[in-house]
Amino acid sequence: MPGLSNPRYRGIFPVVPTTFHEDGTLDLASQKRCIDFMIDSGVDGLCILANFSEQFLLGDDERETLTRLALEHVAGRVPVIVTTTHTSTAICAARSRRAQDMGAAMVMVMPPYHGASFRFGDTQIQRFFAAVSDAIDIPIMIQDAPAAGTPLPPAFLARMAQEIEQVRYFKMETAGAAGKLRELIALGGETIEGPWDGEEGISLLADLDAGATGAMTGGGFADGIRPIIEAFRRGDKDQAFAEYQRWLPLINHENRQAGFLAAKALMHAGGVIACAAPRHPWPAMHPEVRRQLLDIARRLDPLVLRWGK
């Protein structure tokens, strides 16, 4: 039976960026190339429609298009997690069911929230995830991210894992993620099938040490991050530290400077996608931030800078 000691999914599942033309319309040809590159970079799986996919700038029809395109183009090469976050319980459940029906391996969901001040209590949150669980037969990953502004204590998350059938995976992105992961595992045991690292791997080494079995990072350089995870998994902590130390400048620049535009800037520089622009009103990356990003990346020679050339 799947559980902490026998998870269905583990390793690196980066977020797939959404690719646009300069006018802001979807660039589906680049989207396919982006997916192919990411699979070639050595991922264990992919995640689509996350915040790093600019999901908050997409229409419902575009979500349908991108979900179908991604799952059909991946064609079973790797498992795909589909983000189905919505404030409405009914809409999130329906989105999750559609994602499952199209072939998603898992759905990722933030707790319900809206804007800076609309929040819900533990009872409503638990009922929300229970309703989503009842609608599907695949795992739910709860995304514990600062954007939701919703406290999710480890004891509450562990209780939901114990009481809600499909709640099995947890992506920790709040401050002190390693401590939360450690406490969550201690409280939930085997019901915590997937304690995962997030936030571009900025706390990856600490999270792995706390028991993380997966990482959801940016999509630009999985070939650099995967060796960190693999070295740690085989017990070679010195090698894991060395690899992490090597790639940390790029991880840090993505997390603290470039944000979700980092992956697209790297993919554009390497000929993977045709345009690195975000969708309005999100501002384009500052030229100096891009210059610094590419300067760091060229010193590391990731696949992304060579794949499309």
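Reply: Gladly, and please keep in mind that this is a predicted model. Helix H4, made of residues 122-135, lies across strand E4 (106-109), strand E5 (140-144) and strand E6 (167-172). Its direction relative to E5 is given by an angle of about 150 degrees.

Me: Which strands are the edge strands of the open sheet?

Reply: The open sheet has eight strands with parallel pairing, in the order E1-E8-E7-E6-E5-E4-E3-E2. An edge strand pairs on one side only, and this holds for strand E1 (11-12) and strand E2 (46-48). The edge strands are therefore E1 and E2.

Me: What is the bridge partner of Asp197 in E8?

Reply: Strand E7 (residues 194-197) and strand E8 (residues 214-215) run parallel and are joined by two bridges. For Asp197, the bridge partner in E8 is Ala215.

Me: Are the planes of the rings of Phe13 and Trp196 stacked, tilted or edge-to-face?

Reply: The ring centres of Phe13 and Trp196 are 5.0 Å apart, and their planes stand at 50 degrees. Planes under 30 degrees apart would count as stacked and those over 60 as edge-to-face, so with 50 degrees the pair of Phe13 and Trp196 is tilted.

Me: How many residues apart are Phe13 and Trp196 in the chain?

Reply: Phe13 is in the loop between E1 and helix H1 (28-40), whereas Trp196 is in strand E7. Both Phe13 and Trp196 are buried, and together with Tyr9 and Tyr169 they form one aromatic cluster. The pair links distant parts of the chain, with a separation of 183 residues.

Me: Is Trp282 buried, partly exposed or exposed?

Reply: Trp282 forms a tilted aromatic pair with Phe260, at 4.7 Å centre to centre. Phe260 has a relative accessible area of 7% and is buried. Buried means under 20% and exposed over 50%, so with a relative accessible area of 40%, Trp282 is partly exposed.

Technical notes. Residues are numbered from 1 along each chain as its sequence is written. This is a predicted model: local features need pLDDT of at least 70, side-chain atom pairs count only at pLDDT 80 or more; totals for chains, interfaces and linings use all residues. Side-chain values use heavy atoms; hydrogens and water are left out. Helices (H or I, at least four residues) and strands (E, at least two) are DSSP runs, numbered from the N terminus. Contact means heavy atoms within 4.5 Å. Axes are lines fitted to C-alpha atoms, for helices over the stretch in contact, and angles run from 0 to 180 degrees between N-to-C directions. Rings of Phe, Tyr and Trp (its six-membered ring) pair if their centres lie within 6.5 Å; planes under 30 degrees apart count as stacked, over 60 as edge-to-face and the rest as tilted. Buried means under 20% relative accessible area, exposed over 50%, partly exposed in between (1.4 Å probe, protein chains only).
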